[in-house]
Amino acid sequence: MPPPPLLLAALALLASAAARPGCGERPSDPAGKARRVITSPAHPASPATCVDLQLSSCADAAYTQTAFPNLLEQRSREAVESSPEYILLSVLHHLLEGQCNPDLRLLGCAVLAPRCEGSRVRRPCRHVCEGLREACQPAFDAIDMAWPYFLDCAHYFAREEEGCYDPLEKLRGDLEAEEALPSGLPPTFIRFAHHSYAQMVRVLKRTATRCAQVAKTYSIGRSFDGKDLLVIEFSGRPGQHELMEPEVKLIGNIHGNEVVGREMLIYLAQYLCSEYLLGNPRIQRLINTTRIHLLPSMNPDGYEVAAAEGAGYNGWTSGRQNAQNLDLNRNFPDLTSEYYRLASIRGTRTDHIPIPEHYWWGKVAPETKAIMKWMRTAPFVLSASLHGGDLVVSYPFDFSKHPLEMKMFSPTPDEKMFKLLARAYADVHPMMMDRSEGRCGGNFLKQGSIINGADWYSFTGGMSDFNYLHSNCFEITVELGCVKFPPEEALYGLWLSNKESLLSFVEMVHRGIKGVVMDKFGKPVKNARILVRGIRHDVTTAPDGDYWRLLPPGSHIVIAQAPGYSKVMKRVTIPLRMRKAGRVDFILQPLGAGHKKLSRELQRTAPASRDPLGGAGLRDQPPQLDLEPLGARRQPSAGGSKPWWWSYFTSLSPHRPRWLLKY
């Protein structure tokens, strides 16, 4: 698939700039490799004339003045603007599909437009460069591009004792500044207002600090514009999975202009912390037995667009997409079509469907990729995606079993369980239970304010279908109201309507069975299959051998099996009401030698499936920036040809920027 037109135009601009050396631009050697200007530590401290920083790509730097010549001996702003180094910075976020943005651009600006203070030039810190290179090198490897020579940490950057500065300080500055609460208010005070990105980060980090024994924050990645996708976690042991402790994730603001879910999760984080400290037995029991992950904003870039218009003035779609103009809830792999194909083949597994290769040929948002990688780091059992625009709870499948039918009931094999999950939210929501047909969401009244997604309207690429078909996780979608960006005075009432529903839903993760699958020596068996007779959807065990299987009330035949072991079958009965999942362990016996040999042969002859997300198993921490999906689409052919992007530089002889090549 060819790169998008915007990227082609940017690359053409880069190519033209590389073809015309600017005034004062340093020369290149015959091979096109730039000569490095190695400055001594004393050089940046020599007197300089500070001038206003007027480079558009560096406008958000943490300083306002620079000096020429710069660290590459480019002697004017015009020389910098016409250089391939500068224009490369302006297109890196397109080349790397949002990875390491804006960090790399700001790091490059620190070299091309160094900080000038008091007639002295200051160099950026070497340790910042080294940390960023370690994190971002895989992104360059994925498109077969060399690390830019002008970001050489040993030559253009200084040590701390030499008086360096952090060029990324502005990214953290407004997030680290503490916002004082109004005087006289207790620490349990919740401010029911809209939160900017910086305010959201401060509230989550302050909350994690207050409840450090049960909470912590972490980032699952970056948005296209470089904002951290920040999660706050609550658990008896934050930061680690505990054996047989189920994991739940709640995600808000997947559409940037649907902001109620974002605020509800910010309030929920503060509520969980305060109530835990106050000794609320329900909250303490929930946190001590469940690992809860809250991602208030999956689309912080889109939120900025919507917030700029303001509550009450926001259009129906302004800010819905991310910064790439992608609808994130249409950006996940379509596994539902593959499910329908596999379901027609007797004896074929229809769960844990791999991501098809062709998916990576399209445009995959960094936010989407971050969610998919996140799903590999924890054995999530239950999830909810919070939206706005109506008042109803929907559940998979979201894509119709007949692709031409826009409204068609399309249940999963776990239809009964999904309805229970949806009702757990809707049945305690006062507005969803309001019997007035004229209210928001009144058209769903006859269904109890829940609906099968495809029976409402069919679409492909949704996050809920992907969760169910690619992992063990059951996800529902909650529409929180007809106003996507309500005024602040409505937020407290929305919190009162949704607080009990959120808690009730999280508690549903304890419905069904859980246990450990071991061999006869007590060793855990990972990736063992847990089957339920009559439900054509298996779950698998985590690396420690533990599993969770959400099940509706009734009697079920449960089977555990794994390659090289005999299967074990047990009957379980799930009561109508349960606060704690029943424990059902399995001990698997090894098969005989003949069966083992056959099992090994079957595994050896099975077609190998690439894992484009890097092969990180559940709870294995994936590399910070593993971009194999990008590389799968962009790597050069086996015949030794140049990388895909090099074709845009072939007309530049003899000044081709060969320093972009790795060979």
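1. Helices (H or I, at least four residues) and strands (E, at least two) are DSSP runs, numbered from the N terminus. Axes are lines fitted to C-alpha atoms, for helices over the stretch in contact, and angles run from 0 to 180 degrees between N-to-C directions. The structure is a predicted model, in which local features need pLDDT of at least 70 and side-chain atom pairs count only at pLDDT 80 or more, while totals for chains, interfaces and linings use all residues. Residues are numbered from 1 along each chain as its sequence is written, and side-chain values use heavy atoms, with hydrogens and water left out.

2. Start with helix H3 (residues 84–95) and helix H4 (residues 103–112). Their axes come within 9 Å and cross at roughly 165°. That makes H3 roughly antiparallel to H4. Angles under 35 degrees count as roughly parallel, over 145 as roughly antiparallel, 65 to 115 as roughly perpendicular and the rest as oblique. The crossing of H3 and H4 is left-handed; the term applies if the near helix is turned anticlockwise from the far one by less than a right angle, and right-handed if clockwise.

3. Now the residues between these two helices. H3 brings Glu 85, Tyr 86, Leu 89 and Leu 92. H4 meets them with Leu 104, Arg 105, Gly 108, Cys 109 and Leu 112. Contact means heavy atoms within 4.5 Å. The residues of the contact of H3 with H4 divide into six nonpolar, one polar and two charged. Here Ala, Val, Leu, Ile, Met, Phe, Trp, Tyr, Cys and Pro count as nonpolar, Asp, Glu, Lys and Arg as charged, and the others, Gly among them, as polar.

4. Next, the eight-stranded sheet. This open sheet has the order S5-S6-S8-S7-S9-S12-S10-S11, and its pairing is mixed. Strand S5 (215–222) and strand S11 (450–452) stand at the edges with a single partner strand each, so one side of each has no neighbour in the sheet. Neighbouring strands of this sheet are turned by 25° against each other on average, direction ignored. Two strands pair if DSSP finds at least two bridges between them.

5. Two strand pairs in that sheet deserve a look. S5 and S6 pair in the antiparallel sense over six bridges. Thr 217 stands opposite Ile 232 in S6. The hairpin of S5 and S6 has five residues between the strands, and Gly 226 takes a positive phi near 95° there. Strand S10 (residues 390–395) and strand S12 (residues 474–481) run antiparallel, joined by five bridges. Val 392 has Glu 479 in S12 as its bridge partner.

6. Which strands does helix H8 (residues 260–278) lie across? They are strand S6 (228–234), strand S7 (247–252), strand S8 (291–295), strand S9 (380–387) and S12. H8 runs at about 135° to S7.

7. H8 also packs on helix H9 (residues 281–289), at an angle of about 110° and with the axes 8 Å apart. H8 and H9 are therefore roughly perpendicular to each other. H8 passes H9 in a left-handed crossing. Tyr 271, Leu 272, Glu 275 and Tyr 276 of H8 make the contact with Ile 283, Gln 284, Ile 287 and Asn 288 of H9. By class, the contact of H8 with H9 has five nonpolar, two polar and one charged residues.

8. The structure holds 25 aromatic pairs. One of the pairs is Tyr 271 with Trp 495: the ring centres are 5.8 Å apart and the planes at 65°, so the pair is edge-to-face. This pair links distant parts of the chain, with Tyr 271 in H8 and Trp 495 in helix H16 (residues 491–507), 224 residues apart. Rings of Phe, Tyr and Trp (its six-membered ring) pair if their centres lie within 6.5 Å; planes under 30 degrees apart count as stacked, over 60 as edge-to-face and the rest as tilted.

9. Check the backbone too. Most residues other than glycine have a negative phi, and most peptide bonds are trans. A cis peptide bond joins Phe 68 and Pro 69, with omega about 0°. Pro 69 sits in the loop between strand S2 (65–66) and helix H2 (77–81). Glu 73 lies in the loop between S2 and H2; Glu 73 has a positive phi of about 65° although it is not a glycine. Pro 396 and Phe 397 are also joined by a cis peptide bond, with omega about 0°. Phe 397 lies in the loop between S10 and helix H13 (415–426).
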